[in-house]
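Visitor: I should like to learn how to read the features of a structure. May we begin?

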Amino acid sequence: MREDRLEVDEATLRLNLWLTQGIVMGVAAAGSLLVLGWDATLSLFTLPGWNAVLWAVFVAACIIIASMMMDRYLPKRWQDDGSINEKVFGAMLPSTTILVCMVVGVGEEWLFRGVIQSLTGNFWSSLIFTLIHVRYLKKPLMIISVFGTSWILGLLFSHYQSLWPSIVAHILIDVMLAFYLQKTIKKKGEEE
C-alpha cells in the first residue's frame with residue numbers, strides 16, 4: 001500500500017486543532033462529571049502548594065531540554081511528523097501560540113489525567129495518550145518520548161492529587177517547544 005501524504009494547508013490544520021481541542025475539553029468535562037461527579041471534579045482543580053509548581057517547572061525544563069537535544073543531535077527522520085507541527089505553529093503569533101498551548105494543556109490533562117488516569121491508572125492513560133498521537137506511531141523515538149512525557153505528567157498528578165502541576169508542565173512544554181520550533185524555522189529561512 002502506497003503512503004501518500006495529503007497536503008493540508010495551515011488554516012485547515014489549525015481549524016482541526018481547535019475542533020479537536022474543543023472535543024477533548026467537552027469529553028473531559030462530560031466524562032469528569034459523569035464518572036467522578038461534581039465534588040471530585042472540583043477537587044481535581046484544587047490549588048497545590050508552591051512545591052508542586054516548582055516540581056512542574058523542573059519537570060517541564062527537563063523534558064524541554066531533552067526534546068531540544070533530541071532535535072539537535074538525533075537524525076531528523078526519527079522525529080519527522082510530516083511537518084505538521086511546522087505548519088501549525090510556524091507562522092503563528094506568540095499570543096496565539098500561548099493560547100493554543102493553554103487550551104491543549106488544560107483539556108488534555110483534564111481528560112487524560114483527571115478522567116482516564118483516575119479510572120485506569122497512569123500506564124493505561126499514558127498508552128491511550130500515546131495512541132491518539134497517530135502521526136508518531138511509526139516513529140519509535142516519538143512513541144517513547146510521548147509515552148514517557150505522559151507517564152511523568154501522570155506521576156505529577158498522582159503525587160499532588162491536583163491537575164495543576166501536570167497542566168502547568170504541559171503548557172510550559174508545549175509553549176517552549178513551539179517557540180523553539182518557530183525560532184528554528186525562522187533561522188532556517190534566514191540561512192536560505
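Predicted model: local features only at pLDDT ≥ 70, side-chain atom pairs only at ≥ 80, totals over all residues.

Visitor: What span should the 28 residues of α7 have?

Guide: Helices are DSSP runs (H or I, at least four residues), numbered from the N terminus. The expected span of a helix is 1.5 Å times one less than its number of residues. Helix α7 covers residues 164-191. Its 28 residues should span 40 Å, and the end C-alpha atoms are 40 Å apart, which agrees.

Visitor: Which residues of α4 and α7 meet?

Guide: Contact means heavy atoms within 4.5 Å. From α4, the residues include Pro94, Ile98, Met102, Glu109 and Arg113, and from α7 they include Ser166, His170, Asp174 and Phe179. The residues of this contact divide into 11 nonpolar, 5 polar and 4 charged. Here Ala, Val, Leu, Ile, Met, Phe, Trp, Tyr, Cys and Pro count as nonpolar, Asp, Glu, Lys and Arg as charged, and the others, Gly among them, as polar.

Visitor: Which residues of α7 are buried, and is Lys183 buried or exposed?

Guide: Buried means under 20% relative accessible area, exposed over 50%, and partly exposed in between (1.4 Å probe, protein chains only). Among the buried residues of α7 are Pro165, Ile167, Ile171, Ala178 and Leu181. The buried residues of α7 pack against α2 (50-73), α3 (84-89), α4, α5 (122-132) and α6 (140-160). Lys183, also in α7, is exposed, because its relative accessible area is 61%.

Visitor: What does Pro165 touch?

Guide: Pro165 counts as buried, because its relative accessibility is 2%. Not counting residues up to four places away in sequence, Pro165 touches Pro48, Ala52, Ala56, Leu156 and Tyr160. The C-alpha atoms of Pro165 and Val59 are separated by 9.6 Å, although these residues are 106 apart along the chain.

Visitor: Are Ser150 and Gly154 buried or exposed?

Guide: Ser150 lies in helix α6 and is buried, because its relative accessible area is 0%. With residues up to four places away in sequence left out, Ser150 touches Arg113, Asn122, Ser125, Ser126 and Phe129. Gly154 is in helix α6 and is buried, with a relative accessible area of 0%. Leaving aside neighbours within four places in sequence, Gly154 is in contact with Arg113, Gln117 and Asn122.

Visitor: What phi has Gln161?

Guide: Most residues other than glycine have a negative phi, and most peptide bonds are trans. Gln161 has a positive phi of about 50° although it is not a glycine. Gln161 is found in the loop between α6 and α7, and Gln161 is exposed, with a relative accessible area of 53%.

Visitor: What does UniProt place at residues 95-176?

Guide: UniProt positions are given in the numbering used here, feature names are shortened, and annotations may be inferred rather than shown by experiment. The unreviewed UniProt entry places "domain: CAAX prenyl protease 2/Lysostaphin resistance protein A-like" at residues 95-176. Over residues 95-176 the chain is 87% helix and 0% strand, strands being DSSP runs (E) of at least two residues. UniProt also lists, in an unreviewed entry, "transmembrane region" for spans including 88-106 and 163-181. Residues 163-181 are 95% helix and 0% strand, with end C-alpha atoms 27 Å apart.

Terms used
Residues numbered from 1 in each chain as written. Heavy atoms only, no water.
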